[in-house]
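Biologist: Please take a close look at one metal site in this model. What holds the metal, and how does the site sit in the chain?

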Amino acid sequence: MLLLALETTCDETGAAVLDGPAPPMIGVPRVLSSVVASQIDLHERFGGVVPEIAARAHVRQLLPVIDEALKRAGVTLAQIHMIAVATRPGLVGALIVGLTAAKSLALALDVPLVAIDHLEGHLYACQLAYPDREVYPCVGLVVSGGHTSLYHCRGPIDAELLGGTIDDAAGEAFDKVASLLGLGYPGGPEIERVARSGNPKAFAFPRSFLHDERIAFSFSGLKTAVLYALKGQDARTTSVAPPPALVADLAASFQDAVVEILAAKARQALRRTGLRRLGLGGGVAANGRFRDRIAAMARDEGVELFIPPLSLCTDNAAMGGIAFAKLAAGQVAELDVDVTPGLVRPGRSNGSSTKTGAGKPAPA
Ligand code: KG4
Ligand code: ZN
């Protein structure tokens, strides 16, 4: 059966068509098309996502993106059997655009509507990328612009939060540090590029919670440490651009600190749960240094590692393929379903609740 999935949680407008088994059959769907319209050029000059601009851009882009996804899949709207949309967590205005479109389509086509959790979707990208392998149960690590969380995933739609960030998300730290260093937006790819010519040992930046038994992350002190290293303890402003060699060393040392923490906490989660599989999701998982480091850790621990290709790491609608698992579990949304922008509480997700990292509203 054919699924049309929509993604508008933050600043990427996505639509994807997937072909998967109709219940009671279960199985991994095949991605027939996945189209993402980025809004980077709209937010770049603000150094971050502006929620109102994001929502308005989704309004403009969503229908053409859906048309393109259908066209690339070679199907028409009338052939679609199910609509899925990410309803949580994310920017409220952005989420509402996707959900409104999804409800309208489900009503007009008279097909089931499935509300999905964007974070579960990020991890499900692992299963999409490795359709012939068992990904679950696994430790799931979501590292995106809004989240840095470790989960005990018993199945695609049964994830328990083990711990998350108490302040900034890893991607957010990349973006903020890039901005400090005068680099472009989004910051992750920029830091990665500049760091290639830097010395990762040039600065001994703090690694919060590295040796702590709690599964938690904090990146705000690290960000401040970069600021002080760049501008001195009084963080005086200067209009003089820092020398490129200094920027490269700061970027490389910062990146190394983030990557070391992420790998260490993932190792801790694996040991604590006794799970033998690790799945990654979110934009930061596109980082080459991170991939190398986490792969070395997984080899060391003798666990299987699942890293989606870049197109499935950053925000996309294909991860809405998790809707087949939800449909099989009878989790179909009513047409009065609402968005849940923020994160609610730690614990098991049951299809109607959300999970938390820091308890703050967060872009997905
Ligand atoms: O998952 P995603 O596309 O959107 C959210 O759900 O937030 O993640 C976006 C984040 C941004 O903070 C971006 O800087 C970061 O992922 N990112 C990277 C890289 N590519 C994207 N961070 C580090 N290295 C990268 N290569
Ligand atoms: Zn995301």
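Modeller: A residue counts as buried when its relative accessible area is under 20%. By that cut-off Asp-315 is buried, because its relative accessible area is 11%. His-118 also counts as buried, at a relative accessibility of 1%. The model is predicted, and both residues belong to its zinc site: the zinc ion (ligand 2) is coordinated by His-118 through NE2, His-122 through NE2 and Asp-315 through OD, at 2.0 to 2.1 Å. Around the zinc ion (ligand 2), the four donor atoms subtend angles of 92 to 144°. Four donors count as tetrahedral if all angles lie between 85 and 135 degrees, so the range of 92 to 144° makes this arrangement irregular.

Along the sequence, the donor residues follow the spacing H-x3-H-x192-D. His-118 lies in helix H4 (residues 118–129), whereas Asp-315 lies in the loop between helix H10 (310–313) and helix H11 (323–328), so the pair ties together parts that are 197 residues apart in sequence.

As for the domains, the assignment gives domain 1 as 2–121 + 313–328 and domain 2 as 138–310. Their C-alpha centres lie 27 Å apart, and 15 residues from domain 1 and 17 residues from domain 2 take part in the contact. About 1300 Å² is buried between domain 1 and domain 2, with carbon and sulfur atoms giving 68% of that area. On the domain 1 side, Leu-119, Glu-120 and Cys-313 lose the most area to domain 2, together 50% of what that side buries. The count of salt bridges between domain 1 and domain 2 is zero.

Definitions and conventions. Residues are numbered from 1 along each chain as its sequence is written. Chains are lettered from A and ligands numbered from 1 in the order in which they are written. This is a predicted model: local features need pLDDT of at least 70, side-chain atom pairs count only at pLDDT 80 or more; totals for chains, interfaces and linings use all residues. Side-chain values use heavy atoms; hydrogens and water are left out. Donors are N, O and S atoms within 2.8 Å of the metal (3.2 Å for Na, K and Ca); water is not among the atoms, so sites may look incomplete. Four donors count as tetrahedral if all angles lie between 85 and 135 degrees; four count as square planar and six as octahedral if opposite donors are over 155 degrees apart and all others between 65 and 115; anything else is irregular. Helices (H or I, at least four residues) and strands (E, at least two) are DSSP runs, numbered from the N terminus. Buried means under 20% relative accessible area, exposed over 50%, partly exposed in between (1.4 Å probe, protein chains only). Domain bounds come from an automatic or database domain assignment. Contact means heavy atoms within 4.5 Å. Buried area is the accessible area (1.4 Å probe) that two parts lose on being put together, summed over both. A salt bridge is a side-chain nitrogen of Lys or Arg within 4 Å of a carboxyl oxygen of Asp or Glu.
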